[in-house]
Each structure stands twice: as C-alpha cells, then as structure tokens.
Amino acid sequence: MSYISTRDAQTPPHRLSFEEVLLAGLARDGGLYVPEALPQLFAPTLAKFSGRSYAEIAVRVMEPFVGDALPADKLRALVEDAYRGFGHEAVAPLKQLGPSLWLLELFHGPTLAFKDYALQVVGRLFDAVLSRRGERVTIVGATSGDTGSAAIEACRDLDTVDIFILYPEGRVSEVQRRQMTTVASANVHTIAVQGTFDDCQDLVKAMFADEPFRDAHNLSAVNSINWARIMAQIVYYVTTAVALGAPSRPVGFSVPTGNFGNVYAAHAARRMGLPMGEVIVGTNRNDILARFLNEGSMTITGVEPSLSPSMDIQVSSNFERLYHELVGRDGKSVSSAFTEFRSSGTLPATERQWRDAQALFAAQRIDDEATKATIREVYRTTGELLDPHSAIAVAAAQKARRYPSVPMVALATAHPAKFPDAVEAAVGIRPKLPSRMADLLERKERTTVLPNDLATVEAFLRERARPVSGRAA
Ligand SMILES: *Cc1c(COP(=O)(O)O)cnc(C)c1O
C-alpha cells in the first residue's frame, strides 16, 4: 500500500511506504498522509469476523495498511500484546442504553480514554520499525491532559524511544497528572511547565524548529494526525458493526469530536465497505465542525473551556483528510485552502463541497447544561455513569438521528472516573477508578518543574535523552 500527502500537487504524486508515514507523522509539505486507495472489506470477509476476538479482527483490518513493513506473525504478536493488558475481555465492549441505542466503551485501556486503543499499537509499531533500523527517537509532546498519559503508557519501557511530555503546572486534573507522573520507567520524563498549555505547545514547536536540536535527538511526535492512529481506530468500528449485525445490516455511530480523528476513522471504515447508517459529529460549545456541517462555513473563533476539555479545539487537524476527498483529492486546492484558512480564519468551501459533507455527517452541538442533563438522564434510566465526552455522543445521537430502526452506537471515549468533578456535579456521585488503578492516588510521583524557557527545557532534555544512533539492531 502506498501513501500520499493531502497537499501533494505533483502528477504522479510522491508515494511513501507505511514505515515512512509512521515515522514522519506530518508530511514535509504540511499535509497529512492518506492511503492512495483504501483496502476493501467485502461482505464475505465481514461475515467471517463474527465471533472473532478484537485482536484477531484488528490484525485483519490493519494488515493491508501495514503491508510489508512488518512480517504477518510480528504484526499479530504485536497487536495481541497491545490489547492484552486491557481491563475488559472484549477490549471494546458494547452496552445497551435503549431500544436501539448502544454505548461503545472505549475506556478499558491503561489511561481510561479511547486514545489508548490506537496508541498502544502505534508505540509498538514505532519500536518494531526502529529496532530493525537500529535507531532511537525522542518523542516530545505537550498535553492539556489526556494525550500525554496515553502517549507515555504507549512508550514506557521501550528501548527505542525516550519520551518527554510537557504539561502546564497546576492546570491538569489530579488523575490526569498522576497518570503521567507515576509511571516509573527510565525512558519517561514529565515536565511541569510554569505556564499555560499554549506555552507548552509553543515550547514543543520551538524545539522542532531548532533544527540542530531536532536532528541531534531525532525528535518525533505521536500526535493525532499520524495515519497509524486512524488505522488502529478503524478497528472498533468494524468489531462493533459485526457485533450488531454487519454485513447484513447497517449501524450508525455518534462520535464526540475534537480533532476529527476518531470520526474520520468511522468515515474511513465506511469507505472500506462497512455498511453504515448515519455518522454523527458531536461537539461541545467549541462547535466549528457543527457550524460547518449545519451552516456551510468554517470560521475560527476563540477556544472556550467546557466540561469536555479533550474536545476544546477550534482547528480540527484531521478535517484536512475529509477536505482532500471533498475537492477530488486535488492536493493543490488543499494546499491553497489551508494556507488561506490559516491567514483568514475561514476555510474556503463551495456549496457543493458543503452539501457533499452534509451527506456524509450529521452534526450536533451539545452545551455544558445539556451534557450534565444527559449524564443525569442516562444514570436515571440505565444506571450507567457517563463521562462528559461520552454524554455528548449520547446527546448528539438522541438529537440528530433520523432513523430509529438503524442501531445507533454512541462512543464512550473516557471512563467517568477520569472526569469525576463533572460527573459529581451532574448526579452527586463520585465515580470510582477501576480496581486495577485504585491506588493511583497513592503512587509515588516523579516530575520536574521548569520555567517557561526554551533553553532550560532543551538543556533538561539534552541531559536525559539517550543517544539516537548506534543502537545494536
Ligand atoms: C481526544 C478525545 C476526544 C476527541 O477525539 P478526536 O479524535 O480528537 O476527535 C474525545 N473524547 C476524549 C475523552 C478524548 O480524549
């Protein structure tokens, strides 16, 4: 399988392998990588998935994307290992909330949020590829909470990776901080920056922009635009649809959306042939995607804090992959449109492109009050506690769906104990951490507080990062 950049304007386009796409993340021209053509899941193949384990289906779905980057038995072992530690035998179990409404629990990984489902695989893919090349990378990232811990859990103890995560001191929740700072692995480094999340992000960008520094430490990122993350997220749409009757009947999905990564994976699964009903984009008050899908214009406004912080985003980076499709995979149009978006704050889109997008996605904005009301309502009618992100998926499904006879699945992207304050405010109950992490609040923390200063942070990294080349292959 070959990959191209969404901004590639050459004919024929420059083609890359899975391995190159995995390690690079973002394309040099600023675009995102997409497969040149998606592999197809035909009905007989889907029918054979029935009764298979999550890991078995994952291997089948990912194999064509990975191609010859890894031998088949290696990929199988890697995927089985990635999901072995999950807290539920089914890995991504379904719960029924109503007559044809289901909840897909994507919070049984090590950090209790859906990002584990992709990152546990992506960390191991990095390790497999880097081991063969005899190389090491230094992963640097900024986090406002969830992504940092998921990346740390994905990279802990890997000999091929050192990971440094910057977070704003005093501005992440205690559970989120402890999930990062209590990981006792020599290759994991957390930095509490005396500043805001934006300061952390600026420091990371500045480190990447410092070319001698970037090259000396082989800096890398595992951010949400990496194709390998989308690939691993396609899997749970397939397992869910199969569990609810695919290929004989379609299933709809409602996805709480920030960077458009998770819901784009739903779309990719649909393009691969998975029979799908409606795909609903749920947003919080930061509703740029809902405004685009419902009104046709995508214009940036300021980010406002909400009860669902992992969706407090204005520019959804993965949207570029959909846009690429909407403009007929014309890299030149994508490139000029996103340059304009950056400078003017409005993404150019024709009536036709908007209508095409509307045919693919419904969208619903759910504010904090409606989020809390949904947490209360679902608790009252089913006894299930939802975290605020998952509540947005349920509320958006209830409001936007048009075909009640098609089963609808709302994605639960975080465990309620990850956002205990919001849940307690809604129903007066403080959700408990699962037993396997009940001692999180007692574990020993390890972190370093540093000023918001590039030279200081770079010196810290220089001192602790291991050499990047000359590893024994
Ligand atoms: C990251 C995250 C989201 C948003 O996912 P995207 O792929 O960025 O759309 C939703 N909920 C939770 C809990 C998250 O951590």
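1. Helix α6 (residues 146–155) and helix α7 (residues 174–181) of this predicted model have axes that come within 9 Å and cross at roughly 25°. Axes here are lines fitted to C-alpha atoms, for helices over the stretch in contact, and angles run from 0 to 180 degrees between N-to-C directions. Helices (H or I, at least four residues) and strands (E, at least two) are DSSP runs, numbered from the N terminus. The two helices α6 and α7 are therefore roughly parallel, given that angles under 35 degrees count as roughly parallel, over 145 as roughly antiparallel, 65 to 115 as roughly perpendicular and the rest as oblique. The crossing of α6 and α7 is left-handed; a crossing is so named if the near helix is turned anticlockwise from the far one by less than a right angle, and right-handed if clockwise.

2. On the α6 side, the contact (heavy atoms within 4.5 Å) involves Asp146, Gly148, Ser149 and Ile152, and on the α7 side Gln176, Gln179 and Met180. By class, the contact of α6 with α7 has 2 nonpolar, 4 polar and 1 charged residues. In this scheme Ala, Val, Leu, Ile, Met, Phe, Trp, Tyr, Cys and Pro count as nonpolar, Asp, Glu, Lys and Arg as charged, and the others, Gly among them, as polar.

3. Asp146 belongs also to the ligand surroundings, where 15 residues are found; the closest are Lys115, Asp146, Gly258, Asn259 and Thr413.

4. Helix α16 (residues 368–382) packs with helix α18 (residues 420–427) at an angle of about 70°, the axes being 8 Å apart. The pair α16 and α18 is therefore roughly perpendicular, and the crossing is right-handed. Lys372, Ile375, Arg376 and Tyr379 of α16 meet Ala425, Ala426 and Val427 of α18. This contact has 5 nonpolar, no polar and 2 charged residues.

5. For helix α13 (residues 319–326) and helix α14 (residues 331–344), the axes come within 9 Å and cross at roughly 130°, which makes α13 oblique to α14. Their crossing is right-handed. Glu320, Tyr323 and His324 of α13 make the contact with Ser333, Val334, Ala337 and Phe338 of α14. By class there are 4 nonpolar, 2 polar and 1 charged residues.

6. Most residues other than glycine have a negative phi, and most peptide bonds are trans. The bond from Thr11 to Pro12 is cis, with omega near -10°, and Pro12 lies in the loop between β1 (3–5) and α1 (18–24). The bond from Ala246 to Pro247 is likewise cis, with omega near 5°; Pro247 is placed in the loop between α10 (227–243) and β9 (251–256). Leu112, not a glycine, has a positive phi of about 70° and sits in the loop between β4 (101–105) and α5 (115–133).

7. On conventions, residues are numbered from 1 along each chain as its sequence is written, and side-chain values use heavy atoms, with hydrogens and water left out. In this predicted model, local features need pLDDT of at least 70 and side-chain atom pairs count only at pLDDT 80 or more, whereas totals for chains, interfaces and linings use all residues.

Note on methods:
A residue is near a molecule or strand if one of its heavy atoms lies within 4 Å of it.
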